[in-house]
Amino acid sequence: MADKDIDQVTGTDTTGHEWDGIKELNNPLPRWWLWTFYGTVAWGLVYTVAFPAWPLVNSATAGLLGYSTRAEVAEQIAAVDAQNAQVAGRLATADLATLAPDDPAHRYGVAGGASVFASHCSQCHGSGAAGAKGYPNLLDDDWLWGGDLEAIEYTVRHGIRNEVDADARWSEMPAFGEILEDAEIAATVEYVLQLSGQDHDAGLAGQGAVLFEEQCSACHGEAGEGIRDLGAPRLSDAIWLYGGDRETLTQTITYSRFGVMPPWGARLDEDEIKAVTLYLHQLGGGE
Amino acid sequence: MPQDAAPPPLYAPREPIFPRRVKGTFRTLKWWIMGVTLAIYYLTPWIRWDRGPNLPDQAVLIDMAGRRFYFFWIEIWPHEFYFVAGLLIMAGLGLFLFTSALGRVWCGYACPQTVWTDLFILVERWIEGDRNARVRLWNAGWSARKLRLRVTKWAVWFVIAMATGGAWVFYFADAPTLARDLVTFDAPLVAYSTILVLTATTFVFGGFMREQVCNYMCPWPRIQAAMMDESTLTVAYRHWRGEPRGKHRKAEGADKLGDCIDCMACVNVCPAGIDIRDGQQMECITCALCIDACDEVMARIGKPRGLIDYLALSDEAAETQGAQPRPIWQHVLRPRTVLYTAMWALIGVALVYALFIRSDIDMTVEPVRNPQFVTLSDGSVRNTYTLRIRNLTAEDREFRVMLTSDEILRIDVEAEGRVPNHVAVPANETLQARVYVIARPQDAAAAQATTDLRLWVEDVETDDRAGVATIFNGKG
């Protein structure tokens, strides 16, 4: 390097590159740096051959090692399933009524039931299980078909008013618009309002009481206390599936309601049914 | 530059550096700091500290799996991580303070890279001899002797490197147990891989890369340079006293020469391989060994010490005129350093205060908002809260859960088979319990939108309590 182009101000030699009179100083990096750089290039090449990397038209190169993130996830899921197989098996065959709360199978069920609920039930019953109009709130202390573990499990397994499962819970309220006059329906509504302790017309309610005795009490009970075997709601409390105001009650009595729930017995595994049952039972309203 | 000339090299091989042995005040100080810092690093995990039967007895332990940090009598839970953040801020401010007052004093004395490089050079000197012998050995061809010396040196370095990597893992597990597991090959893989990586980095950084780590890999030299100013005391050469330098003291015109006899002692001892007489440089870690080397020479030729010394740029003009430099305290005590000290102390006091006022019960209350409330059959309104109680002590404790509010509310803690509304929290654990708060239909809380309340937990035995304010959502 006889012809070193030395920058006069700094005394450093330059790279010889010049742009509009500005020269680039040469402050060389250490050589190990260069070799590290070459090393990363080599590593990069090997890596793209060994692992999925190069994009093609429809997919990418698979890589010589055959690694796939999807396969890895499947493997991990299988591993977790295998790990849980014992406790899940125990839960599947357990008698829920006698399963102690500190039993690992119970804890597994409550935790796993939350996932089952989120995947399969929350679409209708809400992510917080608070229900919606026509879809029961599962947090409160009022159950249409029963709130003990056995009743919940049966409802989950067979569903309600569906044509799929022959054992589905079934009942049907008539549409009283075809049976009663509008004035009679209005009177019945006043009596139902009275039953649940709301503001009502006492005179009409008196007429309604007679109609209720004739038309409604067979399913909803003499005092509107409901009959669980028929899924007939209790009318004397503060909880309403569709609404307890005058307008909604008129609509309900005139046209009837027909809430359907699919059976989950065929779609969920045995341990999943038990898990979601345990989960629902401990939400705050279990009996 | 002619077109046909070969381009200049863009990458340069490392220039080997052979620091000479030196004696003096700063060298002695550095030996002491090296001894103390290495001792702290290697021995700390082995200190025992009795915390009772439920907690580990290691004085300093970072328990990753259990998510606890133990430091003597202090135990830090993950939610108290602000203590660690505070300590890091203090470390940062401390570095600002020292750098603005004394330049790169961290780099020169306490940085692990400096301490371990110093240790590795000590081993090198012990095995291969001092500077001249090492230069000769470097230039000599390979022989049985050179091979023997090199292998011996590398072996000792390797043992030190392994001890360094080995000591690190003891901070994360019970040291005696882990030590036994390590030799019987029962230790977890992560312990071995950590030791392997740290052994490799210590061996390479301390043995071969040395000043390259500071020059090319470490951001601190650049950042610290920005924190120094003209009043900062840093290692410098009194060129007004030393120049013009010259060896030949008896030659003609020697009376015009400065004090520097150009003996190169300062260059020969420098672990960064620079000449301090060229002025402040990015490579200089201010280890002050050149001060010791120069003082030794000045004493021998009968001149006052301090040709190379801790100096501030602001004194240069005055000293050139023959005045004395300002006293050290004037350099150190400046608004900037006072401000750093004040901020540092403020955070320190705040952390200590936080440490002393923290309760050994810690609770959080998370209202369930999906849904905000549930109507019960009798018209009551029920809210649900997730209560977390952390028992920060080494004993199992039982708490009663209570509420206070201006309105009438009833509390119901979901905990089966115990005294109503009592919860048991095992030692050093967090308990999660669901708490229901219920307003009867006739009470105000059921009708109005929100009602303030406070949930309390009270130790059944000691009556220590903690409370958290929250709200009750009604139908309004």
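Author: Trp32(A) counts as partly exposed, because its relative accessibility is 25% and the buried class ends under 20%. Trp33(A) is partly exposed too, at 33% relative accessibility. The model is a predicted one. These two tryptophans pair with each other. Their ring centres lie 5.7 Å apart.

Now turn to chain B. Here Trp157(B) pairs with Phe203(B), and the ring centres are 6.2 Å apart. The planes meet at 75°, so this pair is edge-to-face. Trp157(B) belongs to helix 6 of chain B, residues 144-170. Phe203(B) belongs to helix 8 of chain B, residues 189-209.

Trp157(B) and Phe203(B) sit in one aromatic cluster with Phe120(B), Trp154(B), Phe158(B) and Phe208(B). Over all chains, the count of aromatic pairs comes to 30.

Some rings in chain B meet a charge instead. Lys146(B) lies over the face of Trp142(B). The distance to the ring centre is 4.9 Å. Tyr109(B) has the charged end of Lys30(B) over its ring. That charged end is 5.7 Å from the ring centre.

Next comes the interface. Chain A brings 31 residues to the contact, and chain B brings 28 residues. About 2400 Å² is buried between chain A and chain B. Carbon and sulfur atoms give 60% of that area. How many salt bridges cross the interface of chain A and chain B? The count is zero. Polar contacts do cross between chain A and chain B, in nine residue pairs.

Which elements of chain A give two or more residues to the side that touches chain B? They are strand 1 (14-19), strand 3 (29-30) and helix 1 (31-50). Helix 1 of chain A gives the most, with four residues.

Note on methods. Residues numbered from 1 in each chain as written. Chains lettered and ligands numbered in written order. Predicted model: local features only at pLDDT ≥ 70, side-chain atom pairs only at ≥ 80, totals over all residues. Heavy atoms only, no water. Phe/Tyr/Trp six-rings, centres within 6.5 Å; stacked < 30°, edge-to-face > 60°. Buried < 20%, exposed > 50% of the residue type's maximum accessible area, 1.4 Å probe, protein only. Lys NZ or Arg CZ within 6 Å of the ring centre and 35° of its normal. Contact = heavy atoms within 4.5 Å. Buried area = accessible area lost by both parts, 1.4 Å probe. Salt bridge = Lys/Arg side-chain N within 4 Å of Asp/Glu carboxyl O. Polar contact = N/O pair within 3.5 Å; in protein donor to acceptor, adjacent residues only side chain to side chain.
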